[in-house]
Structures are given as structure tokens and as C-alpha cells.
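This report goes through a two-chain model, from fold to single residues. Keep the sequence and the structure open beside the text.

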Amino acid sequence: MAHQRRNGAVALGAALLAPLAAGAQAIDFTVMEAGTYDVAARQIAEELREAGGPDVTVHAFPWAVLRQTNTTDLISGTNRYDVMSGGYYLADVYSYFQPLDDLIARDAYAEGMIPNLMDPGRSEWLDGRQIGIPYGIDAMGLLYNTALLEEAGVDPEGLASWADVVAACEAIEAATEAACLSHPTGSPEQIGVFFFSGYDGPYVTAEGTYALEPGAAAKAAADIRALWAHLPPGGNAMSFDEAHAAFRDGQAALLVTWPSFVTNQLDAEDSPIRGSWAMTALPGEGFPWLSLWQIFVPEATADREAAWTWIKAFAGPENATRNLVEHNIGSVWAATYEDPDLAEERAHFWPALTAGFAEAKNPPLSGEAQDFLTNTLQEVANGRMEPEAAIESINAAWASIPVPPALLEAARGSGLAAE
Amino acid sequence: MVTVAVADEAAERRRRRGVRPLPDGLVLGAFLVPALVLLGVTQFWPLAASFGISLHDWTLARSPVMGEFVGAANYARVLSDGQFTGALGFTLALALGSTALSLAAGLALALLTVGEDGRLRLVRALLLFPMVIAPVAVGTIWRMILSARVGTLNGMLGALGLPQPNWLGDPMLARISLAVIDAWQWTPFVMVVMAAALTALPADVLRAARMDGAGRALVFRRITLPLILPTLMLVGMFRLVDALMTLDIVVTTTGGGPGFATQTLSWWIYQQGLRYFNLSVAAAASWLLLALCFGVAALMLLARRRAARWLP
């Protein structure tokens, strides 16, 4: 009887200790639920587990929920997640993440990555130390219907500014039955792409406060209003799906969007536009808007090595090409774009896409500053505000919005702050 | 009788043991304590904490601890913010518009479906559907209906050869659309309460009026409406206060746009508190919204009391 009790106690102790032992190698990872990043993460987590690596649990949320979940977890000190997905919009909580430069240097991790992608202003830094590891890249692009542009006699390579696009739109609308420009106008923040690429000026003053250069900014805003006249009828509140469908169905000649959202659809067997679309560089003297998914490790993460093992498995070069082909996740590794078969298959958009990657940046704006900018630009685009008054109003509002230190660092590092 | 006997027996036992009964006030207090503690922890303490935060400087992204005492500075900042005052104006318009629409439609539906007939009950049950759908789903459904290019409403209008407005892209139409969506969802609530009020009307008074030759319109204007007015005003108060806090349908249909056109107070507070982490500003704005809701409720209750005095 005593023997049985002892055995029972041993079994109970083992059962209690087992999760603790396993816990040392357990990682909770947050990622966007989109049928792409999350699916890839689960696939790689399973493979890593089978190979004897950390036990990674993938927690997927829609974008807005992911952002909220990450920030709440950090700020409230819940510390449920060991590794998080995010981007520059997490600037308000950068101080909760740990620097990773020692691990990057130890494993020469950045070797082979798209040049300069690990620089401030492109990936995330705090106090001169890297906190974000890139794993998925995209840059806003201008996609065009080759047949419609040919019919209208428009040379896509000649679209150097948004004013050129407006002129091209007039030609397209005169020569074809299609509308000119499609864009997810119903997502209020997306209007930023036209401003960021059209405005060639600073966002932060030499004193470290937010401000736009009024003349250049008003010109960029006026161009947006001119562009809005060339949306499809009733097209100033289109969802991503509607905007993409308008282009795919030949109802619009141009599409400004995130290429990774749409290229697979456009090249699908049943796509009406398959074989008759291409992509060119985003017009303007500013910069293409960068979408760079990065992995962050909170300060509170205890098992840093396990987190790093997961980062290397998920974001490293090993799975990059598979993630691109199977899930359309833009690879951050240069070698992916040197694959001759893929390059040939994607020749109609890869040159412009990769050129965009080299130029693309994040605006050094906090959520509050960016929301005010894009909402005000919508007022201009819809004719409810004059461009000059809008820029004046933006500068007035920005004067009371502090620049988070990490974004000040990014602005200075990426040439978006005044000298 | 048995209860009284048992109570008397217990009192006798206590008297014999020399135990004096507890005063009623103490017994009452003892029973109230758990409820008061619960209310204090879940309601009063968070409210007091939020009021305290509103008097300090605290942006969570800058510091994990509350900053210095700033008095009413956050309230002044909120009230001088153009976006907040714009949101306040739209919120009031939305609340008034949506409440008026839902009261009118709810009362009309109640008048049409009042009665105990099985078919009427079925119709009333079917009409309740909008109210039981999650507000987020309501917004998503209406976004699909109102889409200018692919929405079902414009599809029907186009088929009839009518103009197809940009319901969510035009600032004024977007505002009207939100009022209609909110009214659509909460009209069943008005209908249910008003149907109950109509059912409770004294049948003899209505019968007497009809025997005296009063038509339906006259009976409604002179008898039905005055008798249900207090209920109507109470429902109006609930609807108005609820509409002042609208957030879900804004998030799912317009995102506060186009531009700033459909930003409501709750949206503004959500943005400040949970997106920008300006906790003290969000707390101050929340207290202003609370004061507004209290003010509106108090006015409606006052008006209801006055209306009740006019009743025959």
C-alpha cells in the first residue's frame, strides 16, 4: 500500500514538473490572421516541434485586434506572449521590447537580406539598438492594365508624378470605357500612400516636433484631390476587395494597392486580366509606403534563446521562398528574387516591386499623427477642405502631438527629419 | 401562520437566553453590505479612479505610471479640440435622428401589430430580429447593402433606373446612413415596449370614445397618444442615451470617415484611449460623455414628469 502511494506521488510529481520542464521551451507567438502569415507560422511551428525545437503556439488575430492585443499585453504587464508580430505602428510601445543586436551579430543574421532593410526608418530601432526582425515585406505599387493603357496611348514608364497620372487618366477615360484609378478608398488610412509618395519634404522639424513643409505638402494634397476625380463612379468608399475587383474585371485601368494582397488573384487561372497587367514604380518624389512585418521580443520574455530559435525558423531565409510561393509573403531575403524560374514567372511585376523595396520607408508618424493626416487628406480629396487650409490644420494639430523617441530616431535615420 | 409561530418561538428563546434582537437598521445594513461592496469594487472604484486619471497627465506609451496633477487641463484640452467638438455635434445629431426615427417606426409597428392573434405575434417575433443581431454584424451587413458600387441597395436602384448615391462615401449621406442603421437595429426595442403600453390601455375608455363617434385618428391623437406618452418618453430616453454612446456601427461601416464626418464621441474616446494611449485625455472625455448622458436622461425624466401632469 505504502509502495503504491509512493509510486502515485512520484507519478504526480512527474506530471506536475513536466509542464514546467516543457515550459522552458514553450513560445507563444502573435501573428496576423490573414490565411497567409498565420498559416505559414503554424506550418513552420509544426516542423520545428517535430525537429525537437521549441513548442510554439501560434495566436492569430485580425490586424486591428493583433495591434490591440500586443499593446495591451505589454502595457498591462500580462506578458502572455513571448514573441510578437508588428510594425512601425507599435512605436508607442517600443520601450517594452528587448534589443536583439547581439543575437543578430552572433549569427550574422542580416547576411543575405535585402540591402538596408535592417536600417532605422525601415526596420525598428530604439536607442540605437535593433528591436525588430523583418519577415514579410511589401511596398505600395501602381499596377496597370496593359491593354487599356495601350488603347489610350499612355506609356506607364512616363508616370513620374501624380500630376502625370492625372493627365494619363484624362487620356484613358477619353479613349476607353473604363474608369482610371482604383484604390481601397474605404480604408481611411490608405490615402496616405499618395501623400507619402507625392510629398518630398520633412515630417519632423530640426527641433524634433511634427510639421510638414506647407508648400510641398499642399501640392501633394491638391494632387490627391485631382486623382479622386478619376475614381470609378461611387468609388470613394471602396473596400480592398471592391478596389481589386474593379481592376481585375477591367473596370479601372490603374490600381494603387499593396501588391501582395492582389498579385495572386490577378494571375489566377480565372482572372479576366491574366497576362494583361503589369506594375510600375510608384510616382512622386517622396517614398513608397513600406509594409514590413517584423518580429519583436518583449522584455519580459524569459527564454530569449527559444524565441530566437523561433525567429530564425519563421523569418529566416530557409522558408522564405516557400512562404512566398505558398502564402504570397514577400520575402526579405535577396536570394528569393534571384530564383530564375520565379523571376521569369513574375517578370511583369517583380522588377518594379523589388525597386520599390529598395526605396520604401515608413512615415515616422505616431498613430495619432498619421490618423489626423489621413483623415484630413480625405477631407481634401472629397472637396470639403482646401489643400492649404488642410495642411495648416495638420500642422496645428501636430504641434501638440509628441514625436515618440523611436520615431524621431527613425526620421533622422531615414532622411525624413529637417536638418 | 407557521412562519409567525416559528419567529415567535425564536424570539422567546432569545429572550430566555437574555439575547436582545438586533436593530432593524443593522440587519438591513448587513444584508446590503455584499451588494455595496460589489458595486463599490465594480462601479464606484473604477469611476473614481477614472476621475482621478482625468485630473493627471498620463500617456501610457510615455510612462507606465500616472504623471503630475494637472487639474482641469485635460477637460480644457478636450473641449478645445476641434475633432472632439465635431464628434460631439455629430453624436448629438445622430442620437436625435436615430431616436426620432426609431420612435416613429417603433410606434407605427406597435400600432400595426398590437394584439394577441397568433399571426400578429409571429410578425412581432420576426420584427425583433435586428435587435438580436450583434451590432458588429449589423454594421457589416449594412456595409454590404450600402456599398456604392456593389451594394444591394444601389443594385436595386440601378435596376429601377434611379440614381445610385454614394451612401458611405458622401459625408452627409454617410451620417444619415448611420442614423438609419442605428434606428433599424433598435426600432424593435421601441416596438416591443410600445406594444406592451398599447395592450395595457383601458379598453373601456377607447370603447367609449368610439361609441361617441370618434374616428381612429382622433382616438389616437386625443386618447392613445396622451396615455402612452410617458412610456414613449421613457423609451426615448433609453434610446437617446444609448445612441449617444454609438461605436460599433461606426467601426464596421465608415471607420469614422469619410474624413472626420462620422466620428462619434465614443469613437474619439476609443481612439484616444486605446489607440494612442492618452489615458488622461480619454478619461476626461469619458466623464464629459457621462455628464452629457446624465443631463439628457435628467431632462427626459423631467419632461416625462411634466407630461404625466397633463394627462387626463
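Which unit do strand 1, helix 2 and strand 2 of chain A make? They form a right-handed β-α-β unit, with helix 2 covering residues 37-50. Right-handed here means that, with the strands pointing away from the viewer, the path from the first strand over the helix to the second runs clockwise.

## Basis of the model

This is a predicted model: local features need pLDDT of at least 70, side-chain atom pairs count only at pLDDT 80 or more, and totals for chains, interfaces and linings use all residues. Residues are numbered from 1 along each chain as its sequence is written, while chains are lettered from A and ligands numbered from 1 in the order in which they are written.

## The β-α-β unit

Strand 1 of chain A spans residues 26-32. Of its 7 residues, 5 are buried, so strand 1 is largely enclosed by the rest of the structure. A residue is buried if 20 or more other C-beta atoms lie within 10 Å of its own, exposed if 12 or fewer, and partly exposed in between; C-beta atoms are placed from the backbone.

Strands pair if DSSP finds at least two bridges between them. A:Thr30 has A:His59 in strand 2 as its bridge partner.

## Chain A overall

Chain A holds 17 helices and 11 strands. Both are DSSP runs numbered from the N terminus: helices are H or I with at least four residues, strands are E with at least two. The C-alpha trace spans about 95 × 55 × 35 Å along its principal axes.

Of the 419 residues of chain A, 51% count as buried. Among contacts between residues at least 6 apart in sequence, 76% join residues at least 24 apart. A contact needs C-beta atoms, placed from the backbone, within 7 Å.

## Two domains

Chain A divides into domain 1 (15-137 + 291-350) and domain 2 (141-287 + 367-401). These bounds come from an automatic or database domain assignment. The domain centres, taken over C-alpha atoms, are separated by 30 Å. Contact between the domains involves 7 residues of domain 1 and 9 residues of domain 2.

## The nonpolar core

The largest nonpolar core has 187 residues. Such a core is a set of buried Ala, Val, Leu, Ile, Met, Phe, Trp, Tyr and Cys residues joined through C-beta atoms within 7 Å. The residues with the most contacts inside this core are A:Val83, A:Ala221, A:Ile224, A:Ala252 and B:Met194. Helix 9 of chain B, residues 171-199, gives the most to the core, with 12 residues. Domain 1 and domain 2 of chain A each supply at least three residues to this core.

Leaving aside residues up to four places away in sequence, A:Ala221 touches A:Phe195, A:Leu377, A:Val380, A:Pro387, A:Ala390 and A:Ile391.

Helix 17 of chain A covers residues 405-413, and its buried residues include A:Leu407 and A:Glu409. The buried residues of helix 17 pack against strand 4 (125-126) of chain A. Just after helix 17, A:Gly415 takes a positive phi of about 70°.

A:Asp127 lies in the loop between strand 4 and strand 5 (129-130) of chain A. A:Asp127 is not a glycine, yet has a positive phi of about 50°. With 11 other C-beta atoms within 10 Å, A:Asp127 is exposed.

## Chain B

Chain B has 14 helices and 0 strands. Its radius of gyration is 26 Å, well over the 20 Å that the globule rule gives for 312 residues, so chain B is more spread out than a compact globule. The C-alpha trace of chain B spans about 90 × 75 × 35 Å along its principal axes. Of its 312 residues, 31% count as buried.

B:Phe277 sits in the loop between helix 13 and helix 14 (279-310) of chain B. Its phi is near 60°, a positive value in a residue other than glycine. B:Phe277 is buried, with 21 other C-beta atoms within 10 Å. The peptide bond from B:Gly257 to B:Pro258 is cis, with omega near 0°.

Notes. Two residues are in contact if their C-beta atoms, placed from the backbone, lie within 7 Å. The radius of gyration is taken over C-alpha atoms; the globule rule is 2.2 Å times the number of residues to the power 0.38.
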